[in-house]
Amino acid sequence: MSDFTLDLTPRGTLAIDCVTNGPITTNTYFAVSGDEAVIIDPAWDGVELARQFALKHPGVRVVALLCTHGHADHLGGVAGLRRVLGEQVPYLLPAGDVETVGESIQKQLRSWDIDTPDPGEPDRLLNEGDVIEVGDARLQAFSVPGHTRGGMVYFAATTGGNVAFVGDTLFPGSHGRTDLPGGDEATILKSLAKMARLMPADTLCLIGHGPTTTMAREIAANPFMQG
């Protein structure tokens, strides 16, 4: 078992807005701390996301576009956002999902005839233990493969409580698909157990598709976490 642990010391504040769009209702999160923000899983229409962000958070500077994993429906808005916000806004991707991006873009084109804008080369590749600073808050990255090879959770212990952006690894009462390239059922079950071990029960889990949940609720009721 990995000896990786999270820093659970509360630091800073984080205000979170969720914008849902696209044909499979992907959740994009605006995570704001002071006058800085990260946009997590920028999905589908980046120009529209930029418009909504400007309306909701005037005067706030986007310091990163951050993806939980490399599937096209979670990064299709990167190119449009950078056109509006500027190429200086860095695009961050889990290191283990570099190859997943191209595979997923091609699969989405073949399956749904959707041409996803190429996000380009990531400005920063993330590994377990990396920290993304936003305002006075800290997002801690840890590895949760199984849905993809390199999936990540981004966890923040804030003065307002514990929150985690979990992508498609965890769904309320279930977990993400494992039948896509890079997916593996046994691996995702280990990742779910790791999440339960690392994150406090009161952690608010912000999901890639669908409603939020808590670690306590999933440990109690999710059959894939009963082990």
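## Close-up views of a predicted model

View 1. Six strands, or 6 in figures, make up an open sheet that runs β7-β8-β9-β10-β13-β14, with mixed pairing. At the edges sit β7 (131–134) and β14, each pairing on one side only. Helix α4 (residues 185–198) packs on this sheet, where it touches β8 (137–143), β9 and β10, and its direction makes about 145° with that of β8. Some ground rules for reading this: helices (H or I, at least four residues) and strands (E, at least two) are DSSP runs, numbered from the N terminus. Two strands pair if DSSP finds at least two bridges between them. For the angle, axes are lines fitted to C-alpha atoms, for helices over the stretch in contact, and angles run from 0 to 180 degrees between N-to-C directions.

What you're looking at is a predicted model, so local features need pLDDT of at least 70, side-chain atom pairs count only at pLDDT 80 or more, and totals for chains, interfaces and linings use all residues. Residues are numbered from 1 along each chain as its sequence is written, and side-chain values use heavy atoms, with hydrogens and water left out.

**View 2. Strand β9 and its two partners.** Zoom in on β9 (residues 152–158), which runs antiparallel to β10 (residues 161–167) and is joined to it by 5 bridges. A hairpin through 2 residues connects β9 to β10. Where does Ala157 find its bridge partner in β10? That would be Asn162. Phe155 pairs up in β10 too, with Ala164 as its bridge partner. Over at β8, 4 bridges hold that strand to β9, again antiparallel, and Gln140 has Phe155 as its bridge partner in β9.

**View 3. Both faces of β9.** In a regular strand the side chains alternate between the two faces of the sheet. Here Met152, Tyr154, Ala156 and Thr158 point one way from β9, while Val153, Phe155 and Ala157 point the other way, and all are buried. "Buried" means under 20% relative accessible area, "exposed" over 50%, and "partly exposed" in between (1.4 Å probe, protein chains only). With 7 of the 7 residues of β9 buried, the strand is largely enclosed by the rest of the structure.

**View 4. His69 in its loop.** His69 sits in the loop between β4 (61–66) and α2 (78–85). Is this residue buried or exposed? Buried, at 2% relative accessibility. Its side chain makes a polar contact of 2.9 Å with the side chain of Thr68. That term covers a pair of N or O atoms within 3.5 Å; within protein, one must be able to donate a hydrogen and the other to accept it, and residues adjacent in sequence count only if both atoms are side-chain atoms. Not counting residues up to four places away in sequence, His69 touches a list of residues including Asp41, His74, Asp97, His147 and Asp168. Contact here means heavy atoms within 4.5 Å.

**View 5. His209 and the backbone oxygens.** Look for His209 in the loop between β13 (204–207) and β14 (213–214). It counts as buried, at 18% relative accessibility. A polar atom of the His209 side chain lies 3.0 Å from the backbone oxygen of Ile24, and the His209 side chain reaches the backbone oxygen of Thr25 at 3.3 Å. Neighbours within four places in sequence aside, the contacts of His209 include Thr26, Asn27, Asp73, His74, Asp168 and Phe171.

**View 6. Salt bridges across the chain.** A search of the whole structure turns up 10 salt bridges, each being a side-chain nitrogen of Lys or Arg within 4 Å of a carboxyl oxygen of Asp or Glu. In one of them, Arg149 meets Glu103, with the closest N and O atoms 3.2 Å apart. That pair links distant parts of the chain, with Arg149 in the loop between β8 and β9 and Glu103 in helix α3 (residues 98–112), 46 residues apart. Arg149 is partly exposed at 37%, and Glu103 is partly exposed at 31%.

View 7. Glu128 and Lys194 meet through their side chains in a salt bridge (2.5 Å, N to O). Glu128 lies in the loop between β6 (124–126) and β7 and Lys194 in helix α4, so the pair ties together parts 66 residues apart in sequence. Glu128 is partly exposed at 31%, whereas Lys194 is buried at 14%. Arg177 and Asp179 form another salt bridge, at 2.9 Å between the closest N and O atoms. Salt bridges with shared partners also join Asp7, Arg11, Glu133 and Arg138 into one network.
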